[in-house]
Amino acid sequence: MSDVTLDMRLGTKWRKPHFVKNPALRWGLIIGALVYLVLAVSSIEVNWARVSEGLIRGWNFIIAFASPDFTSRGTDIQEGLIESVIMTITSTIVGIAISIPIGLGAARNIAPLPIYMICRGIVALSRALNEIIVAILMVAIFGFGPLAGFITLSFATIGFLAKLMAEDIEDMDRVQAEAIRSTGSSWLQWIDYGVLPQVLPRLVGLSMYRLDINFRESAVLGLVGAGGIGATLNTAFDRYEFDTAAAILLIIIVTVMCLEYLSGIIRRKVQ
Amino acid sequence: MLQIEKLTKRYPTGDLALNAVDLEIPKGQVIALIGPSGAGKSTLIRCLNRLVEPTSGKVTLKGQDITALGARGLRAARRKMGMIFQEYALVERLTVMENVLSGRLGYVGFWRSLFRKYPQSDVDEAFRLLDRVGLLAMADKRADELSGGQRQRVGIARALIQNPDLLLVDEPTASLDPKTSRQIMRLICELCEERELAAIINIHDVALAKMFVQRVIGLKLGELQFDGKPDELTADVLTTIYGEEDWEATIEKVDDEDLDEAVV
């Protein structure tokens with residue numbers, strides 16, 4: 001095989017080979033990374049006077065969590081919450097429905113190249129645009145309110161679900177799908193029997209995960225006018241009503257935890 | 001019944017997997033396809049139902065030129081070729097019954113298959129086949145709950161419910177223990193006899209192949225090296241197919257009775 005004999009190796013030390021073979025390059029990368037880190041940290045400017053002033057405001061906000069005010073803006077909170085929930089559920093369902101065909105098209109092992117390029121393009125576009133930016137655009141088009149938020153979240157869901165579903169399809173067991181094709185099935189039957197059963201559990205898990213992301217996002221989107229509990233939260237901040245803001249944040253936290261718990265149960269059921 | 005003429009497959013990488021293979025298989029004949037890994041055995045049977053597209057050559061099943069078919073015709077032709085796989089290739093998250101019924105996909109429409117509303121005759125046949133392979137009680141279990149031997153039986157039922165003329169069998173026993181391997185091989189050969197099915201069985205275990213088949217084909221580097229009766233497989237022949245090795249233990253007559261009697 002090679003000209004290394006056993007005698008040459010016996011008694012010598014053995015070490016795992018380095019990931020970067022060239023020692024100059026290896027040390028260069030390590031030192032370069034450290035130098036960059038030091039320079040980067042030292043370039044951050046901190047205005048300590050501003051911080052000491054801000055700390056008091058921050059403290060007031062945290063104190064407010066001890067006495068959250070659910071009642072004085074009760075109806076606003078309730079309306080915002082209901083709006084958020086509707087926005088979350090509808091956008092997740094619409095997002096899933098659109099993601100499935102796009103996810104199939106974005107998997108290289110089942111889609112022809114032109115369709116693959118188009119679907120990957122849609123996914124890339126959806127992921128490149130941050131929710132806030134899309135929401136600002138949608139608010140500009142559709143005006144303030146939950147419609148803008150619904151469209152934004154549906155669009156964001158497509159990028160998230162279609163990409164992860166496509167990757168799952170690309171990792172699927174090829175032979176199971178091949179076996180279905182060998183029975184003389186049509187393309188749709190092949191997807192239904194050979195592909196979807198393999199990716200469905202993960203798809204359900206991801207959908208549940210996306211549901212709680214969408215709820216959290218709906219709180220942020222309100223800040224730019226796209227409706228939901230975020231709009232109520234924004235108003236509370238604007239009025240320095242930290243106790244109402246704290247109440248809203250607590251509601252968001254509890255809801256997200258409930259969704260998390262629920263999605264855990266559902267994921268375990270479908271595995 | 002099956003004619004293969006000058007079948008050639010060259011992969012895009014440039015590897016010549018099959019080089020002008022000629023083969024003819026009459027109705028009801030079970031043949032074993034042997035040869036070292038990479039000899040083109042898997043490629044050969046996948047070229048027959050065009051899971052792998054052959055580069056050139058012709059495959060004719062019951063007078064129909066498979067290589068000339070369009071997409072629709074190919075789907076219809078695939079129904080007549082049941083396939084059995086090495087790692088069983090059951091869809092693991094579907095039930096045993098769904099896996100068996102998936103063999104009927106070429107016969108039923110999309111909506112029926114989507115809602116699992118198969119014709120009663122198909123459902124009855126699926127139960128009959130599951131009973132024949134000894135798994136009737138498992139019908140509603142999920143495929144991934146079964147053992148290797150049981151999964152392969154489901155794979156056999158799925159291939160047979162297609163009502164095929166030909167079985168393409170790819171390493172049916174490679175993932176099974178020796179006893180289960182024999183049972184599976186015996187089951188496949190018995191079913192072929194009952195239904196007068198021709199079969200091509202890719203198999204690594206030469207001794208096992210000799211026990212069950214009527215004819216052996218040897219493939220090496222994509223070319224036919226041997227075509228004859230199991231008894232004609234001598235040490236010399238095995239050396240030309242696989243290379244130099246001590247073949248005495250392999251060609252020795254094995255007493256089939258010493259391992260097991262009954263097929264469950």
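## A walk through chains A and B

Start by selecting A:Gly103: beyond its neighbours within four places in sequence, it is in contact with A:Leu161, A:Ala162, A:Met165, A:Ala166 and A:Ile169 (two residues are in contact if their C-beta atoms, placed from the backbone, lie within 7 Å). Residues are numbered from 1 along each chain as its sequence is written, and chains are lettered from A and ligands numbered from 1 in the order in which they are written. What you have open is a predicted model, where local features need pLDDT of at least 70, side-chain atom pairs count only at pLDDT 80 or more, and totals for chains, interfaces and linings use all residues.

Stay on A:Gly103 and show the helix around it: this is helix 4 (residues 74–105) of chain A. Helices (H or I, at least four residues) and strands (E, at least two) are DSSP runs, numbered from the N terminus. Is A:Gly103 buried or exposed? A:Gly103 counts as buried because it has 25 C-beta neighbours inside 10 Å; the cut-offs are 20 or more other C-beta atoms within 10 Å for buried, 12 or fewer for exposed, and partly exposed in between, with C-beta atoms placed from the backbone.

**Next stop: where the chains touch**

Select the contacts between the chains: 18 residues of chain A meet 22 residues of chain B. On the chain A side, helix 8 (174–181) and helix 9 (187–221) are the elements that give two or more residues. Helix 9 of chain A gives the most, with seven residues. For the model as a whole, the scores are ipTM 0.87 and pTM 0.80.

**Over to chain B**

Of its 264 residues, 42% are buried.

The average is 88, and 95% of the residues score at least 70. Confidence is highest in helix 3 (residues 96–101) of chain B, at a mean of 95, and lowest in helix 10 (residues 248–251) of chain B, at 74. Then pick residues 258–264 of chain B, where pLDDT stays under 50. Where pLDDT is low, the predicted coordinates should not be read in detail.

**Last stop: a four-stranded sheet**

Which order do the strands of the open sheet in chain B have? The order is 2-1-4-5, with antiparallel pairing; strands pair if DSSP finds at least two bridges between them. Strand 2 (16–25) and strand 5 (64–65) of chain B are at the edges with a single partner strand each, so one side of each has no neighbour in the sheet.

Cross the sheet pair by pair:

- Strand 1 (residues 2–10) of chain B is joined to strand 2 of chain B by six bridges; look for B:Arg10 opposite B:Leu16.
- Strand 1 of chain B also pairs with strand 4 of chain B, over five bridges, and B:Glu5 has B:Lys58 as its bridge partner.
- Strand 4 of chain B pairs with strand 5 of chain B over two bridges, where B:Thr60 stands opposite B:Asp65.

Zoom in on the hairpin formed by strand 4 and strand 5 of chain B: there are two residues between the strands, and B:Lys62 in the turn has a positive phi of about 50°.

Technical notes. pLDDT = per-residue confidence, 0-100.
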